[in-house]
Each structure stands twice: as C-alpha cells, then as structure tokens.
Amino acid sequence: MWIFYSSDDSKCIFSIWNQWCLYYAAVMCLLFSPVRMDDACPSSCICTRDSGTVTCRDGDYTEVPRDIPEWTSTLALTGSNISTLQRDAFMTNGTELEMTTLSLSYNGIQAIEPYAFLGLSQLHLLDLSHNQLEFISSRAFHGLPELRSLYLNYSVLPAATTQLSDALNTQSLRNLHRLELAGNKLTSIPLERLDVFNLHTLVLINNSIEIIGEENVTSLYQQRRIRVYLSLNPFRCNCELEAFYYWLKNSSQCPDAGRLLCSEPEAKRGIPVEKLQGEEVDCMNENLEAVSYVFLGIVLALIGVVFLMVLYLNRGGIKRWLNNIREACRDQMEVYHYRYEQDSDPRLANVAV
C-alpha cells in the first residue's frame with residue numbers, strides 16, 4: 001500500500017529532527033565543556049553549599065585554588081604551604097566572590113603582594129595569624145572596603161614591621177573595627193593615626209612595647225570608644241611613661257590594665273604600672289633631682305676654687321709659717337739629740353750631776 005505524506009507532515013518531521021539535534025548538542029556541551037560548574041569543590045576540600053562554607057585543611061596547596069565556588073561565603077584554607085599571596089589571588093576569570101569570611105592561618109605565608117585580596121569587596125573578616133610575613137606591600141589590603149576584623153597574631157617578622165605600618169595606614173581599612181597584632185615583637189603602636197579607622201578593639205598583647213608615646217596617648221584620649229589590650233609587654237617605668245601612666249589611671253579604655261607590669265628599672269620589676277606613685281613617673285621630679293646633683297657639683301667646685309685662691313694669695317705667709325714650723329721641729333730634734341747623747345755616756349751624766 002502506498003503511503004503519501006503531505007508537505008505539512010514533512011515540515012513537522014523536519015522540525016522535530018532539528019529539536020533533537022539541539023538537545024543532543026546541549027548535552028554534549030555540558031558533558032565535555034571545560035567551564036567550572038558552580039557545585040564543583042576544590043580537591044582536598046570540604047564544601048557545604050547550604051552554609052556557603054569551603055574548608056581546606058592540611059592540603060598541598062602552594063597557591064590559593066582557582067576553582068573556589070562562586071557561592072562561597074566562608075573559606076578556611078589552613079595548613080598548606082602558600083609562601084606568597086599573589087596579586088588577584090582570589091579573582092576567578094575576573095569574577096568577584098561574595099565571600100565574607102576568609103581564614104589563611106598556618107600557611108607559612110611570607111609575602112603579600114599588592115592587591116592580593118582584590119575581588120573580595122564584601123569581606124568582613126580576614127585571619128592571617130600564625131604565618132611568617134617578611135614582606136607586606138603598602139597596597140596589600142587595598143580593595144577591602146567592608147573589612148571589619150583583621151587578625152595578624154604571631155605573623156609579622158621584624159623585617160616587615162615598618163611595612164605593616166604602611167599597609168595598615170590606608171583608607172581601604174576605614175571601616176575596620178577589630179585589629180589583633182599579638183605576639184609580633186612590635187616596639188610601638190603601628191598606627192600613625194587612630195582617627196582614620198573606626199576601631200573598637202586593638203589587641204597588642206605579648207609584644208615588645210616599652211613606652212607608649214605622648215602622641216599615641218593623645219589619640220587614645222580622642223578615640224574614647226576604642227579598647228586597647230596591652231598585657232605581657234615589658235614596660236619601662238620611668239618618666240617617659242608619664243603620659244601613658246595618667247591615661248591608664250584616668251581611663252577605662254584598657255580592660256587588662258591590672259596586668260600591665262614594669263620590667264625596668266630593676267627596683268620596679270613586676271610592679272603593676274597602675275600601682276606606681278605619680279612622683280615615680282614624674283619627669284619634673286627626675287629633672288629636679290638631676291639639677292640638684294649638678295648644682296651640688298658646681299658648689300663643691302666653687303668651694304675648691306676659693307680655697308685654692310686663698311692659698312695662692314697667702315702663699316708668702318704660708319711659706320713663713322711652714323719655715324717656723326720647720327725651725328721649731330729642728331730645735332726640738334736638737335734637744336732630743338742632746339739628751340740622747342747624755343743618756344748614752346755615763347761620764348757626761350756624772351758631770352751633769
């Protein structure tokens with residue numbers, strides 16, 4: 001039997017064939033496309049999309065993985081060997097991540113290049129503690145306008161101390177609320193001005209701070225909301241500490257004030273700074289004491305000069321007086337000598353009798 005198809009039927013069959021071809025092509029693209037899927041998880045990591053958390057612990061990474069899911073809000077990358085945070089380390093194909101929390105502790109990081117955190121404009125917390133930073137670019141923290149908390153505990157080596165100060169004094173950190181710099185052997189507060197930031201908490205525990213300068217104290221007076229933690233620092237309790245001492249006594253901005261101890265001088269070692277007496281750190285008293293010793297020395301010197309002048313002016317009379325004494329001594333010796341001769345010769349003794 002012959003079957004005849006109309007032109008409309010042929011068009012319908014051709015349309016269905018085209019749709020099947022398109023579906024097949026789409027499936028093949030999905031299977032073989034090199035583009036990263038949103039649900040992909042970096043190797044050696046644990047990804048939890050519901051909470052937006054990616055955890056990569058004790059991996060063998062030498063750089064930040066490039067296949068971080070775009071939905072990541074919290075990334076904990078710890079225990080690797082990332083020696084350098086390179087520029088655009090968190091940019092994936094030019095795409096910004098909506099990450100709010102980033103932990104990079106215990107990675108042996110030695111250097112942070114400029115704009116290393118570019119693409120993390122929503123980041124609120126950055127933890128770089130327990131690394132070995134030898135180089136910090138002055139633009140290291142650029143591109144972090146929403147950063148609230150920065151942790152750099154036990155990370156900054158002495159070579160990077162000055163660089164740290166330059167990196168922190170930037171407008172990019174204007175919204176910073178909490179800054180932790182414990183255990184970095186800092187000798188001073190590395191912030192030139194505190195009013196540049198919106199700091200509420202500054203942690204400087206266990207450093208090498210001996211003196212808090214008057215400029216820093218003035219800034220602390222002006223920023224009443226800030227709380228500063230300073231215990232386990234070797235304070236030198238002399239008159240250079242005067243401004244800080246009175247700030248400590250009159251302010252509640254240092255919650256651990258009772259644990260601030262003197263390390264120098266030896267006589268004050270172990271004494272709480274706030275337990276000192278005002279005169280012990282009073283520069284005026286120390287200056288007066290120094291002046292009194294100088295004045296005493298001058299007086300004694302003048303007395304010595306006057307005595308020498310008197311001796312010089314009376315040198316003639318002193319010479320006659322010395323000659324008289326010498327003559328008297330000579331006469332006395334002659335008398336003693338004559339008596340000795342008489343006592344030694346019996347004949348002269350009988351004659352005398």
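Accessible areas here come from the Shrake-Rupley method with a 1.4 Å probe, and for residues only the protein chains shown count as cover. On that basis the protein exposes about 21600 Å², of which carbon and sulfur atoms supply 56%. The model is a predicted one, in which local features need pLDDT of at least 70 and side-chain atom pairs count only at pLDDT 80 or more, while totals for chains, interfaces and linings use all residues. Residues are numbered from 1 along each chain as its sequence is written, and side-chain values use heavy atoms, with hydrogens and water left out.

Of the 353 residues of the protein, 35% count as buried, a term that stands for under 20% relative accessible area, with exposed meaning over 50% and partly exposed in between (1.4 Å probe, protein chains only). Among the contacts with a separation of 6 or more, 60% come from residues 24 or more positions apart, where contact means heavy atoms within 4.5 Å.

The protein has 7 helices and 14 strands, both taken as DSSP runs numbered from the N terminus (helices H or I, at least four residues; strands E, at least two). Strands of a sheet pair through backbone hydrogen bonds, either parallel or antiparallel.

A search of the whole structure finds 5 aromatic pairs, where rings of Phe, Tyr and Trp (its six-membered ring) pair if their centres lie within 6.5 Å, and planes under 30 degrees apart count as stacked, over 60 as edge-to-face and the rest as tilted. The pair of phenylalanine 90 and phenylalanine 117 is stacked, because the ring centres are 5.9 Å apart and the planes stand at 15 degrees. Phenylalanine 90 lies in the loop between β4 (84-85) and β5 (101-103), and phenylalanine 117 in the loop between β6 (111-112) and β7 (125-127), so the pair ties together parts that are 27 residues apart in sequence. Both phenylalanine 90 and phenylalanine 117 are buried, and together with Phe141 they form one aromatic cluster.
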